[in-house]
Amino acid sequence: MSFQAFNLIDTNNRKHLEALFLELQQNSRAIWGKMNPQQMVEHLIDQVQYTNGKKEPFCEVPEEQARLAKQVNIYTAVEIPKM
């Protein structure tokens, strides 16, 4: 699969999403980050479960540390580093 790292995917186009998922192979290499395909699919499932209320979000760090991280990561132009 040829994929540009900066392409946005229309998440409302279920057939396109399904086609992309079906192209994944166990040995597919990450374009960005460390997760393998299985880990990424599980991560996406978790995120959907948080947004639809099946899972309750929690914070693993102290509130002040989370607030500071949010300020930097959401409200500035800092890029998330590739790992």
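**View 1. Asn36 caps the N-terminal end of helix 2.** A side-chain oxygen of Asn36 lies 3.0 Å from the backbone nitrogen of Gln38. The model shown here and in the other views is predicted.

**View 2. Helix 2 covers residues 37-51.** With 15 residues at 1.5 Å a residue, helix 2 should span 21 Å, and its end C-alpha atoms are 21 Å apart, so the two values agree. Just after helix 2, Gly53 takes a positive phi of about 85 degrees.

**View 3. Phe21, Leu24, Met35, Met40 and Leu44 make a nonpolar surface patch.** The patch has an area of about 380 Å². One of its residues, Met40, lies in helix 2. Met40 counts as partly exposed because its relative accessibility is 34%, and this class falls between the cut-offs of 20% and 50%.

**View 4. Glu60 sits in the loop between helix 2 and helix 3.** Helix 3 comprises residues 63-75. The relative accessibility of Glu60 is 70%, so Glu60 counts as exposed. Glu60 and Ile80 are 20 residues apart along the chain, and their C-alpha atoms are separated by 19 Å.

**View 5. The whole protein has 3 helices and 0 strands.** From the N terminus on, its elements run α-α-α. The C-alpha trace spans about 40 × 30 × 25 Å along its principal axes. The radius of gyration is 16 Å, whereas a compact globule of 83 residues would have one near 12 Å. Of the 83 residues, 4% count as buried.

Key. Residues numbered from 1 in each chain as written. Predicted model: local features only at pLDDT ≥ 70, side-chain atom pairs only at ≥ 80, totals over all residues. Heavy atoms only, no water. Patch = residues over 30% accessible without salt bridge, like charges linked within 9 Å, V, L, I, M, F, W, Y side chains within 5 Å. Areas by Shrake-Rupley, 256 points an atom, 1.4 Å probe, with all protein chains shown as cover. Salt bridge = Lys/Arg side-chain N within 4 Å of Asp/Glu carboxyl O. Helix = DSSP H or I, 4+ residues; strand = E, 2+ residues; numbered from the N terminus. Buried < 20%, exposed > 50% of the residue type's maximum accessible area, 1.4 Å probe, protein only. Expected span 1.5 Å × (residues − 1). Polar contact = N/O pair within 3.5 Å; in protein donor to acceptor, adjacent residues only side chain to side chain. Rg over C-alpha atoms; globule rule 2.2 N^0.38 Å.
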